[in-house]
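Biologist: Hi! Could you walk me through this structure? I'm new to it.
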Amino acid sequence: MKLKMSKLFAAIGLGAALASGAASAATVAGVTWDTNSPIDFIAQSNLFEQVALNAGDDIKGYGNITAMNGNSSFCAGCELTFVFSDFILQNSISGAAFQPFAFSGGSLKVYVSPVDYNFNVPGTAANGLLWLDLQAAPGNFALAGGANALTTLYGQTSANSTSGLGVAGNGAGFFNVVGGLAASYFDTNAEIGGTDFLFGSNFSPISTPIIDPVTGEVYTHGGGATITGTSAVPEPGALALLGLGLAGLGFVRRNKKSA
């Protein structure tokens, strides 16, 4: 990696210190955002994913976050990338326009790392340090289109979709924060049902499918996603624990190098 991990740990510690000293701006592992933004918190991203057509199929994908609260320069010398997986289709779809679909399960992991993301190499979205660990929240679409209480993502195919792998559409769901370096800033339970984030995404076929050079998995669709929530500066005790934890990581790293 271009940036040694010891330097990245140092940046994380500095970020925690800056966050404790500024009520309006937070910095965690080099990622900075305004906790008092008029639009609260919103992150925009690009993504690539597989497609599911038959009940029981699961999807996964990856991408990168391109802006936070309208700021594209939120991570100096670093980047935020993500992977998502284990969304399981509950109903088969043909690709006809305006056909509803529902998924259960699902998780999303956001990583911070030195800049090395290459959308043609899916593995570059899953390296670095775990910045946020999110679990899809079930039950918030129990009344939507007949979806049941297991539903974590609900949506429909779009008017320009065709049958088979040509299917396009959009969906939405909710996430809960379950871990990550920035967890204490976003575990607010401020969204519907006491969840932490609302997300919406769109997808459509890409002209040239992406084949993972390592696993051989094929990603046939691309699109974008927006995730919104509430960001708050955690209590001083939580910040202190974060700082101690990061300091411990750096200490372990130094001891390994000196052994």
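Biologist: How many salt bridges are there?
Modeller: The count comes to two salt bridges, where a salt bridge is a side-chain nitrogen of Lys or Arg within 4 Å of a carboxyl oxygen of Asp or Glu. Keep in mind that this is a predicted model, where local features need pLDDT of at least 70, side-chain atom pairs count only at pLDDT 80 or more, and totals for chains, interfaces and linings use all residues. Residues are numbered from 1 along each chain as its sequence is written, and side-chain values use heavy atoms, with hydrogens and water left out.

Biologist: Which residue does lysine 60 pair with?
Modeller: Lysine 60 pairs with glutamate 217, and their closest N and O atoms are 2.7 Å apart. Lysine 60 is in strand E4 (residues 58-68) and glutamate 217 is in the loop between strand E11 (197-211) and strand E12 (218-229), so the pair ties together parts that are 157 residues apart in sequence. Strands (E, at least two residues) and helices (H or I, at least four) are DSSP runs, numbered from the N terminus.

Biologist: And what about aspartate 133, what does it bridge to?
Modeller: Aspartate 133 forms a salt bridge with lysine 109, with the closest N and O atoms 3.0 Å apart. This pair links strand E8 (residues 129-136), which holds aspartate 133, to strand E7 (residues 107-114), which holds lysine 109; the two residues are 24 residues apart.

Biologist: Is aspartate 133 buried or exposed?
Modeller: Aspartate 133 is buried, at a relative accessible area of 13%, while lysine 109 is partly exposed at 28%. Buried means under 20% relative accessible area, exposed means over 50%, and partly exposed is in between (1.4 Å probe, protein chains only).

Biologist: New topic: which residues have the most contacts inside the largest nonpolar core?
Modeller: Those are Trp33, Trp131 and Phe186, in a core of 46 residues. The largest share of this core, six residues, comes from strand E5 (residues 78-89). A nonpolar core is a set of buried Ala, Val, Leu, Ile, Met, Phe, Trp, Tyr and Cys residues joined through side-chain atoms within 4.5 Å.

Biologist: One last thing: what is the phi of alanine 29?
Modeller: Alanine 29 has a positive phi of about 55 degrees, although it is not a glycine. Alanine 29 sits in the loop between strand E1 (25-28) and strand E2 (31-34), and is buried with a relative accessible area of 2%. Phenylalanine 98 also has a positive phi, of about 65 degrees, but phenylalanine 98 is exposed, at 53%.
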